[in-house]
Amino acid sequence: MKYKPVKDRRCQNEKCQDHSKFGEGNIIRHSKYKTRLGRRRRYLCKTCKKTFCSTKGTPYYRLHKSRLDFDEVVQMTVEGVGISSISRIKCFSWNTIASWQYLACQAADKFNDHKLKGVELMELQADEIRTFAGTKKMPMWIFAAIEVWSRLWISKVVGNRNYRNIKTLLNQVIDACRIVNPFIFTTDGFEPYSWATKNLMSSICLYAQVIKKRRKNRVIKVERRLIIGTKPKIEQLLFESEDSSTINTSFVERLNLTIRQGCAYLGRRTACHSRHKDLLANNLELQMCYYNFVRPHSALKFGDETRTPAMQAGLVKKQLSFREIFMAVAILFWWYSVFMRMLVQVERFSWFSVQQQQLMKEAPEFDVLTVERKDC
Ligand SMILES: [Zn+2]
């Protein structure tokens with residue numbers, strides 16, 4: 001009997017020469033095997049003659065419980081329930097929950113890497129959250145950047161509050177985004193933001209800082225400083241903006257709250273704080289995937305439809321579920337992602353070179369205002 005080739009699978013054997021090829025016709029249906037929860041399909045690669053099951057390469061591979069249980073555990077993780085609580089609710093061991101979370105985070109990381117590409121940047125805001133890993137003597141910072149129009153959480157970095165991490169954050173933004181027009185970039189008054197922006201994005205953005213003065217934990221004064229760009233230009237961009245009417249960091253601060261509520265490690269006066277920096281970074285990768293692709297955003301309500309930030313940014317056409325994300329990890333369009341990455345590189349290169357040339361010509365007009373910082 002001749003089997004038809006399966007087009008939506010690729011070989012899971014890493015040593016196979018067709019491992020990275022997709023839709024080549026080398027995969028056929030092989031047989032079925034029994035599990036406690038029903039029959040599952042096995043596939044055969046005609047190139048390397050190896051067989052693999054439908055869950056190979058996904059977090060569900062060799063799972064001894066149902067996929068529904070796995071999805072529920074992941075859902076609780078991103079809704080801010082700690083590992084011990086999940087373990088008590090589901091009656092699974094603590095180690096099982098921890099290993100499932102690790103698998104889910106790895107899959108989310110791969111998915112984010114493939115999907116967060118080619119976002120059109122209109123307005124960018126960045127901020128950081130203070131937390132700790134291990135002991136309170138080891139403060140840790142979470143840097144996050146949000147594209148305001150689509151509410152897409154573009155990049156995150158976990159580490160010390162220094163220039164290097166801010167540079168990494170901005171480089172991630174530049175990698176993930178398509179920059180068509182100059183955009184507004186707003187942060188708090190932390191000085192390294194200003195240096196990094198001048199070094200990495202000075203020709204492509206108008207940069208401003210929002211500095212809040214507090215007394216007894218209350219904001220008493222808000223100061224707005226324009227660092228790169230001219231006042232008429234930023235006023236024009238604010239006039240055209242659908243979201244902001246003034247220089248602000250409200251959207252990234254709202255994102256900070258969402259992150260804090262969704263991550264059990266970030267609770268205040270909690271016993272389940274992160275014991276290691278990597279655990280925190282992994283958990284945030286899962287949070288990012290959930291926020292961008294799964295959770296509908298209440299600010300993106302259009303009639304009966306409430307979109308996710310990824311839908312608004314045009315990265316996906318519908319709201320995804322964790323099942324779709326985890327199963328997609330095994331069958332991601334490898335060649336498609338490479339093509340998109342090349343396209344973004346080419347676009348960025350051409351756009352940057354045009355911008356640089358214009359900047360050289362228009363240097364006197366594109367006035368760079370440098371304001372001396374006062375203590376705040
Ligand atoms: Zn193969």
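Guide: What follows is a set of questions about terms, each answered from its definition.

Guide: This is a predicted model, in which local features need pLDDT of at least 70, side-chain atom pairs count only at pLDDT 80 or more, and totals for chains, interfaces and linings use all residues. Residues are numbered from 1 along each chain as its sequence is written.

Visitor: How do you know how many helices and strands there are in the protein chain?

Guide: Helices (H or I, at least four residues) and strands (E, at least two) are DSSP runs, numbered from the N terminus, and by that rule the protein chain has 11 helices and 13 strands.

Visitor: What makes β1 and β2 a pair?

Guide: Two strands pair if DSSP finds at least two bridges between them; β1 and strand β2 (residues 38-45) have eight bridges, in the antiparallel sense, and therefore pair. With two residues between them, β1 and β2 form a hairpin.

Visitor: Which open sheet has the order β1-β2-β3?

Guide: That is the open sheet of three strands, with antiparallel pairing; its edge strands are β1 (27-35) and β3 (51-53), each of which pairs on one side only. Its neighbouring strands are turned by 30 degrees against each other on average, direction ignored, where axes are lines fitted to C-alpha atoms, for helices over the stretch in contact, and angles run from 0 to 180 degrees between N-to-C directions.

Visitor: Why are β7 and β11 said to stand at the edges?

Guide: In the open sheet of six strands, the order is β7-β6-β5-β9-β10-β11, with mixed pairing. β7 (152-159) and β11 (218-228) each have a single partner strand, so one side of each is left without a neighbour in the sheet. Within this sheet, strand β5 (residues 123-132) and strand β9 (residues 183-187) run parallel and are joined by three bridges, and E123 has I184 in β9 as its bridge partner.

Guide: Helix α7 (residues 250-262) packs on the sheet, touching β5, β6 (139-147) and β7, and its direction makes about 40 degrees with that of β5.

Visitor: How do you know that the length of α8 agrees with a helix?

Guide: The expected span of a helix is 1.5 Å times one less than its number of residues. For the 18 residues of helix α8 (residues 277-294) this should give 26 Å, and the end C-alpha atoms are 25 Å apart, which agrees.

Visitor: What makes α8 mostly covered?

Guide: A residue is buried if 20 or more other C-beta atoms lie within 10 Å of its own, exposed if 12 or fewer, and partly exposed in between, with C-beta atoms placed from the backbone. In α8, 13 of its 18 residues are buried, whereas 33% of the 376 residues of the protein chain count as buried.

Visitor: Why speak of a nonpolar core?

Guide: The name is used because a nonpolar core is a set of buried Ala, Val, Leu, Ile, Met, Phe, Trp, Tyr and Cys residues joined through C-beta atoms within 7 Å. The largest one has 78 residues, of which A144, I146 and I154 touch the most other members, and its largest share, eight residues, comes from α8. Apart from it lies another core, of five residues, among them I27, Y43, C45 and F52.

Technical notes
Contact = placed C-beta atoms within 7 Å.
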